[in-house]
Amino acid sequence: MASKQCSSVDFGECFDPRAVGWGREAMRAAFFAYETEELAFRRAEWRESERFLDLNGVWKFAWRPHVEEGPPGFQNDDFDDGAWGGMQVPGNWELNGYGFPIYTNVDYIFHCDPPNIRYRGEDSEYNPTGFYRRIFDIPSFWLEGNYQVFLHLGAVCCTCHAFLNGHSLGFSTDSKLPVEFNVTKYLRSGQNLLALRVLCWGAAAYLEDQDMWWFAGITRDVYLYARPKEHIRDIEVQARSDGKLELQADMACDGSMPRCGALQCTLFHGADRVIDFEMPFLVGQDRAIARQSVALPHAKLWSAEAPYLYKLVVKKNGSPAETEAVCLNVGFRTVEILEGRLLLNGSELTIRGVNRHEHHPTKGHVVDRESMIQDIQMMKENNFNAVRCAHYPNDIMFYELCDEMGLYVVDEANIESHGVDFDWSKTLGNKEEWGEAHLARVQRYVERDKNFPSIIFWSLGNEAGNGINHYSTYAWLKGRDPTRPVQYEHARKEPTWTTHNLETIDKNTDIYCPMYPSHLKLEKYGELYDSDVNALPLIMVEYAHAMGNTLGAFREYWDMIYRYGVLQGGFIWDWVDQGLETQKNGKTIWAFGGDFGAKGTPSDLNFCINGLVQPDRTPSPHLFEAKKVMQPVTFREDIEAGTIEIQNRYDFLSLDHLDFFWQITLNGSVVESGQLQGIQAEAHGSHTINMPKPTIIQEAFGEYHLLVSAYMRETKSCLPKGLEVAWEQWHLLTNAPVPIASISGLEPKIQTEATGLTVVAGELVARLGRRSSEGAGCLTGLAFRGLELLAAPLQPNFWRPPTDNDYGANLHKDCACWRFAGQKAVLLEDLQTVPQPAFVDISGVLAVGGGGAKLAVTYSISSVGVRVAAQWRPFADQGPRPALVGGIGYLRCSNDRHLDVEGKAVQARWRDMGEWQSLTINAAKEPGKQLEHGDKIALQAVTAKTEAELLLHGVVPTPQSAVGLPDGMTGLQVEATGDPQQPCWTLRRANGAGAAYSGDEVSLEAAGKFLGVVDGKVVALDAESSFTKIILDIKDQAAPMRIGFTATLIDGFEDVEWFGRGPHESYLDRHASAKVGLYQGSIAQQTVKYVRPQENGNKFQTRWMALKRKEADPCNMLFIAAKEPSPVLEMQCHRYALSDFDGGEDKPTQRFLHSGELEQRPTTALCIDAIQMGVGGIDSWGNKPLVEHMIGAQQQAEWAFQLIPSKETHDTEWRAHLPQLGGYTASK
């Protein structure tokens, strides 16, 4: 029992895992029976039927914060509900004024003690109960004795007791499936009263721990419908790719032969009748079964690419009161797994999928038809062909729309017990008392959804462990529906999965469907099983975790998928950010976990914000990357042969529905274009064409690019005419080197002051900070025609506002030494000045951070502008590396083995500086400062990586005495269970006072105990000895997140134009979707407002950028051009400070935690980078970007750019000056 108030038998069953429901009708296929064939054929709105009564709307409602049986007699007519409020049906309580939204990912919002419920917030008894009352009248003819009347509750969370006119109808669980009650005997003429008692969390909630909001209420339609006493109770349709159509109908009757004799069936092709046939009956106890099998030669087949549907009308004839007709959409297709491949209609499938939660930004889990259509339309237009119903059965409208619009569907049981340990001895999936609940959920959703052709395989649930209950559901499902494969991610022998290693697959899945595998893991599986006909096809159930600024290395995933046939795609996590529209301090925000409820409300913050689209379906930039990488037409060029191979990656369609066009651009402007004729390639085929060649314009310098695009020829399968489906772009050539124009003009004048140098060159004035002054070594001022352009100096920058992936990988801590390193860089010697005839070179060397890194900068100043050339030299290779606060260290113990951490166990087993041996050394000093003798430090280790976070603990002595030590030696056990940020060890160098370096002999002491190794055991000994001698090894320091410069420009810059990748943001590991071109817009538009502000708006491989002011200003443009040796750079511009996007050390304390809170500034922040690390995308809880997308600890960089203030007209003619400005340096 969950509460002292649960005293009745009724409420007791809410907390009994074996009590799944009673009084409810057996589940049947989703369909509506009309009174006429005409209504059925056109699939009329149900409201047009006289046999339908809509009960949606505002109901009388009372809410209680605790478990309560209800106001006495609330289900009766004479109860006074005058003081009750109202509740929209369907509607979530928490979004209609009752309770508050709560979001968690893995952990339950109650203490994990199945089946008991004890809330984890301040009020442990909090478990709301809701009471509904609805008065209605029914059509009088429903009571004339010829009809059975049923109540349909579309979905109720979490448990429901139903009453009609004071009579108990029954009890039900499963928040994502309908429940129906036969209410015939309790109906009366005149007014009827329907009452419901809904409990927020019962035992059933332990199976509904999905990564979503914990909402309660009625979330789908409620209605009554009437059926003749003798009616079609259920229908099952199987339509195969060979044209065979098999039907079975289950008739509700009194056990005698139905009076109609047989069901009349017609299959329609559009409006044309294709086949008419009868279904004769076989009679059994209280029911009759009708079966028939017919063949349709040359049937048009259903696929997501060509979702052809027939209409099947099944009619039971009789008097008007006895007649009913049902219309089902029928798609002929066969799904099978043969020789290690998933096939549809005999063709291998490639799954371009996405996971989708039912989510509406204002209505929560109440999702309307328009929203469903929008989702499917956007998925189709962005090259998705599949969707996984994560992690529960959806509203039937969604499946109907997928049938019609064309999406493959993975349907999934409403089973997730993620918050329970996955160990076989603990998981609910292996507990007998939870068996009925598992089986009922699987049986009921399969029976409801069995006729939707879009559903190509079933799922047993998500993250619910494995064991006897999943074996049972798999066995039942394979017997019930042999026409579809079954998948279950957790069908493995190991309790948990790993990123890089293959699991041992168990017997209860037909597909190997791993979560968040690395590219390496896919390659391992491909190498092992690509030619194995007995292998399971690999389809990633979740991958490319789309949280915040992410989806890095997505192209690399698909390179792997196309390399191995056994890799058949996957489902991105996930479609939509689950944000809720709300107000905060007068501003509209997308709220997430922690934004509601009192202090102590369980929360996983913004972990529900991991979609390709924002809550209102505004695309995030990574959606465009997904579309590009998954495009169903790809292109492979052969430069030497001058050809392009066009590869058709559709599984069924030829390329006849596409028009292909080409264009050649010079510096982003189209100079030639045309249409490619005669492109023909069947599914999985290819067509080779000659590559269009440019006509060289000799007097025009710059880059030529070729773009080939494929567009929809006509509107088809909901894809509009003119939609760009696929494209590829190639750099063709650079028309001659850019001439180096000699700089002319008056000789610059240099003014030397104590704090800086001022250079006057014609109308340009530049200022640089001298040693020991603010901004030393930096460009502190840049004025043109009397207008100062810099509001803050051009400073080195090695930090970015952490992305959600950065936080998950602990990079905000690992790289913390770089946060202010640029601002605090020290000019080693005073600036050196070298005058030239028309310009002056001023150079200096900055020491950056505490590890010996240096940045050499030369400013070449002329009347044209300022050229900035920089050389980055990271930590010096000469001499021992310094030990830094926040850096990675390795402890080589007295047994010549490095200390390693596995889970909480601390050992010293190998001499190796690998992942297990790496320790982050934290101290109460600024990150990046050098450690010294006497510093108190914490040894932080990664102890685990869950499916939601990276677990960090400190290596600490425990209160337990160490065992097995030699005689006379005493000490304590050591474990990785401490606070990773709390220093407890005092660092002492054997050589005494001074800074700590790699190779130093040290000892570590905590409260009189010394870290040491005895007989292979890591212990804290009571006294120093030879066992406590430790060598401190430093392999590499943390690398910066970016290497570049940042500046703040004065008020008045409004617009931007650039030549590079666009129009959306792009990064080192996410730029496949950004074409090289000429783009323009407002500076304000360049900021991508992710739900939680973070690094954004990067422009990868930018050649030049022009920031514009009002045309009348004395200086109306600042032109920034990449220069040799760096012909392309990464650039950004924002009307916000970079700090506005920064969550700091603790994400929940971020100043602007929601993008809706951001306050636009009049100034402009500018970033010019040689390189920025990629955004990553394997997951958001431990994995960094791929090695090739990181900045190496010893990676050097040389780059240059020119800052050119000017006065230009803001038309396209100003670009004619670019060669003189040096703006057309080009590169591939």
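**Salt bridges and a helix pair**

Asp 900 and Arg 909 meet through their side chains in a salt bridge, at 2.8 Å from N to O; the term means a side-chain nitrogen of Lys or Arg within 4 Å of a carboxyl oxygen of Asp or Glu. Asp 900 is buried, at a relative accessible area of 0%, while Arg 909 is partly exposed at 28%. Buried here is under 20% relative accessible area, exposed is over 50%, and partly exposed is in between, with a 1.4 Å probe and protein chains only.

Some ground rules. This is a predicted model, where local features need pLDDT of at least 70, side-chain atom pairs count only at pLDDT 80 or more, and totals for chains, interfaces and linings use all residues. Residues are numbered from 1 along each chain as its sequence is written, and side-chain values use heavy atoms, leaving out hydrogens and water.

The salt bridge count comes to 75. Another of them joins Arg 617 and Asp 375, 2.8 Å from N to O. Arg 617 lies in the loop between strand S36 and helix H9, Asp 375 in helix H3, 242 residues apart. Both residues are buried.

Now to H3 itself. Helices are DSSP runs of H or I with at least four residues, strands runs of E with at least two, numbered from the N terminus. The axes of H3 (369-381) and H4 (396-405) come within 10 Å and cross at roughly 35°; axes are lines fitted to C-alpha atoms, for helices over the stretch in contact, with angles from 0 to 180 degrees between N-to-C directions.
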